Amino acid sequence: MFGSKKRYSKSKIQKWSAKGDLERLITALEKGTDMTKIYAIEALVIHNFMNVKRTLAVALNDKNKDVALKAAQAIEHMGANPEELNLIEETRKKWQ
């Protein structure tokens with residue numbers, strides 16, 4: 001199917017996280033269903049790397065409210081810089 005979103009189980013996402021397979025986690029966040037994206041965000045938050053935070057920052061613009069707000073929460077948990085705090089504030093205002 002062209003354009004279909006990938007769906008992965010929470011356990012599969014957690015296994016990738018345990019293995020440190022950030023590439024698959026980031027791909028799941030970028031191309032997954034809404035629930036897959038939420039699972040990926042939950043798994044990515046423990047991997048506090050700049051590429052992860054950049055990917056989460058992009059997820060702040062997701063069209064799904066739950067995904068965008070979960071990404072905001074994850075960035076805050078990882079320690080947000082002033083620029084990221086501004087993006088988080090804008091995201092929360094958008095979805096109020």
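Reply: Thr-55 counts as buried, with 12% relative accessibility (buried means under 20% relative accessible area, exposed over 50%, and partly exposed in between, with a 1.4 Å probe and protein chains only). This is a predicted model, in which local features need pLDDT of at least 70 and side-chain atom pairs count only at pLDDT 80 or more, while totals for chains, interfaces and linings use all residues. Residues are numbered from 1 along each chain as its sequence is written, and side-chain values use heavy atoms, leaving out hydrogens and water.

You will find Thr-55 in helix H4, which covers residues 50-59 (helices are DSSP runs of H or I with at least four residues, strands runs of E with at least two, numbered from the N terminus). Leaving aside residues up to four places away in sequence, Thr-55 touches Ile-26, Leu-29 and Glu-30 (contact means heavy atoms within 4.5 Å).

H4 also has a part in covering helix H3. The buried residues of H3 (residues 34-44) are Thr-36, Lys-37, Ile-38, Ala-40, Ile-41, Ala-43 and Leu-44. Their cover includes helix H1 (10-19), helix H2 (22-31), H4 and helix H5 (65-78).

H1 and H3 are also joined by charged side chains. Lys-10 forms a salt bridge with Glu-42, and their closest N and O atoms are 3.7 Å apart (a side-chain nitrogen of Lys or Arg within 4 Å of a carboxyl oxygen of Asp or Glu). Because Lys-10 lies in helix H1 and Glu-42 in helix H3, this pair ties together parts that are 32 residues apart in sequence. Lys-10 is partly exposed at 39% relative accessibility, and Glu-42 is partly exposed as well, at 33%. Together with Lys-70, these two residues are linked in a network of salt bridges.

The whole structure holds 7 salt bridges. Among them is the one between Arg-24 and Asp-21, at 3.5 Å from N to O. Arg-24 is partly exposed at 46% relative accessibility, and Asp-21 is partly exposed at 23%. Another joins Lys-93 and Glu-89, whose closest N and O atoms are 3.3 Å apart. Both of these residues lie in helix H6 (residues 82-94), 4 residues apart, which is about one turn of the helix. Here Lys-93 is exposed, with a relative accessible area of 55%, whereas Glu-89 is partly exposed, with 42%.
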